[in-house]
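Subject: A structure for you to look at

Hi,

Here is the structure I promised to send you. Have a look around first, and then read on for what turned up in it.

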Amino acid sequence: MREGEAFLDIRGAEKSFAGNRVLGGVDFGVNRGEFVSLLGPSGCGKTTLLRIVAGLLDADRGSVRLAGSEIGNLPTHKRGVGVVFQNYALFPHLSVADNVAFGLRAQRRPQADIAPTVAKFLDLVHLTEMAARPVRGLSGGQQQRVAVARALAVAPKLLLLDEPFSALDRKLRETMQIELKRLLRDVGITTVLVTHDQEEALVMSDRVAVMSRGAIEQFDRPDAIYLRPKTPFALGFVGHSTRIVGKAGASSDGTLAIETPVGRFFAAASFMGGAPVLLAIRPERIRINAADADANSLDAKLTELVFQGSKVHLHFTAGDAQTLLVEAAQIPPNLAVGDTARLSWSYSDTLIFPHDGTLQ
Amino acid sequence: MTLAERSATAVVWTIAGAVTVFLLTPLVVTVIVSFGSSAIFTLPPPGWSMRWYERLANLRGLSSALAVSFQVGLLATAASLLLGGMASIALARGRFAGRETILAFLTSPLMLPGLVLGIALLQGMRFAGLRDVWTSLVIAHVIITMPYVVRTLYSALTLFDFSLVDAARTLGCSYPAAIGRVLLPNLAPAFVTSGIFAFLASMDNYAISIFFTNAWTKTLPIQMLNYVEEQPDPTIAAISSLLIGLVLVLLLICERVVGLRRLAEI
Ligand SMILES: Nc1ncnc2c1ncn2[C@@H]1O[C@H](COP(=O)(O)OP(=O)(O)O)[C@@H](O)[C@H]1O
Ligand SMILES: [Mg+2]
């Protein structure tokens, strides 16, 4: 491998369909053994990037390298890239075991190895009893496991998962996410998961690449994506946030003053004075009626209280039309809808972005 | 069931019965006559005999015509399945200008009068300098059988999930191998039925074959018509009965592979 090259290393990948630019020069690297998610809204080009890596689609420009060698011009079957498709794409004319054996037979592995390998991977996904069944009658969760076993059985260098949980119901999805993550870690395979579900990406990944309109906006650890989003898009796509539009004021010692219609706030940032900025706070970072020193604060009226089981969402209004969302572990005592409360949050929890005049 | 519904059902069944009788009568008459002892077509026959079938054995030109028809039919069907199959995949999968036009063009021989097509093909092959009767005949039959293959395969392929082919490729199959291992087995019914229809269309064709035959290369329908002109006796009914038997066998194979219900949908 070259100096500084990742295990999967994509540089400047571009793709257009009939003049419509879907990928605009994507750089993306995944380390060996890592679990990375590509997170973005539907239509942002995730599947397109995945298909380019698998060789099912040719990029217009850019390079794709895997384990130190260029694979961009290899045919799909010589790339060593396994894929679990969104609809699983199980072979309906074959049994569960024959689906898992398919790749081994296609690659002409020694006959004596096939049965033990199939047995091993069926056991890994707990489908040993289903071996002889046709795939047609399987539940969504079982189908997904067959697809995973089939992809892993040929020992690919890299595994790509395209929205593998989207066909499953919510409850099942959560258990399957944990189970699949554990399984893939035990196997030790480098994995790229494509999803539009932020929770899924945060729960499963070592790192998350937030994608928007054919470009990666931020590529970081899940906690960093959540706590330190680099762009308004990353902020808006992952988790909730309270946003206030304002103007950068004076700054000193790395502390910036922001003038807003609902007061002056401070943040650890530096901006050119007068530039329009977007101030954002994660809702669980805002405290209600706390005695905070060195913190931003304002008075706001509680307009709505939404009980969500393990947490509570409180909607406040300040000034003319500024709404603020606060998340608390439980309903605060002595606070009713219509009451005014003091909201505060630390300087370091105050996120600042350049503002282009539109709110996403 | 209300009275109206019951009478509607009765009317439908009556019409269906009448149509069936109308369609089956010529076939039944042919078979009966072929086992009759009379040299002219009379119903009921004065007695039963196998003489017309015995005559088939040493009927001049029959076995060679049968051989020509079978060979041409099999070759044309195989070529149609291969070429039509590849064309259908491109048409079902590809996004390119002129798709509709190409599809309409490949299925158009079904819509053209046979004689028009025959003359056009004859002119075309003359123009291309192709003088060999046998080759011209096979090419003409590929064109005749192509619509049956493309129509059936195209509609089956538009419903086919091509991510299966992609999956096979990521598991180590080259593109052609993926087609062979995944697409073919899943679309086997469509291939079998379209192949059988193509073969029957080729066996049955008269209007176009007539342009591509000579004294030595004659297809079965042409040879049969010659017999009728020369000597109109129930020998021809015996041949026809055997052909009816062949069709029945092929339909039974279809039934086994696909089921008649789905066959009717194609
Ligand atoms: N084969 C194709 N031809 C034309 N447009 C395509 C094709 N595949 C994808 N697109 C377009 O590219 C964009 C990105 O698609 P995709 O990568 O599937 O998005 P995602 O997987 O993120 O939802 C979409 O606008 C889609 O319509
Ligand atoms: Mg997608």
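How many residues does the contact take from chain B, and how many from chain A? Chain B gives 17 residues and chain A gives 20 residues. Before going further, please keep in mind that this is a predicted model.

Let's stay with the side of chain B that touches chain A. Two helices of chain B, helix 7 (163-170) and helix 8 (175-186), each supply at least two of its residues. The largest share comes from helix 7 of chain B, with 7 residues. Sorted by class, this side of chain B has 8 nonpolar, 5 polar and 4 charged residues.

Next, chain A as a whole. Its secondary structure comes to 8 helices and 20 strands. The C-alpha trace of chain A spans about 75 × 45 × 35 Å along its principal axes. Chain A has 360 residues, and 38% of them count as buried. If you take the contacts in chain A between residues at least 6 apart in sequence, 64% join residues that are at least 24 apart.

A handy reminder: strands of a sheet pair through backbone hydrogen bonds, either parallel or antiparallel. In chain A, an open sheet of 5 strands has the order 13-12-11-14-20, and its pairing is antiparallel. Strand 13 (263-268) and strand 20 (351-354) of chain A are the edge strands, as each pairs on one side only. On average, neighbouring strands of this sheet are turned by 45° against each other, direction ignored.

Strand 11 (residues 242-252) and strand 14 (residues 276-281) of chain A run antiparallel and are joined by 6 bridges.

Finally, which residues are around ligand 1? They are A:Phe17, A:Val22, A:Gly40, A:Ser42, A:Gly43, A:Cys44, A:Gly45, A:Lys46, A:Thr47 and A:Thr48. Helix 1 (residues 46-54) of chain A gives the most to this shell, with 3 residues. By class, the shell around ligand 1 has 3 nonpolar, 6 polar and 1 charged residues.

Happy exploring, and do write back with any questions!

Best wishes

Notes. Residues are numbered from 1 along each chain as its sequence is written. Chains are lettered from A and ligands numbered from 1 in the order in which they are written. This is a predicted model: local features need pLDDT of at least 70, side-chain atom pairs count only at pLDDT 80 or more; totals for chains, interfaces and linings use all residues. Two residues are in contact if their C-beta atoms, placed from the backbone, lie within 7 Å. Helices (H or I, at least four residues) and strands (E, at least two) are DSSP runs, numbered from the N terminus. Ala, Val, Leu, Ile, Met, Phe, Trp, Tyr, Cys and Pro count as nonpolar, Asp, Glu, Lys and Arg as charged, and the others, Gly among them, as polar. A residue is buried if 20 or more other C-beta atoms lie within 10 Å of its own, exposed if 12 or fewer, and partly exposed in between; C-beta atoms are placed from the backbone. Two strands pair if DSSP finds at least two bridges between them. Axes are lines fitted to C-alpha atoms, for helices over the stretch in contact, and angles run from 0 to 180 degrees between N-to-C directions. A residue is near a molecule or strand if its C-beta atom, placed from the backbone, lies within 6 Å of it.
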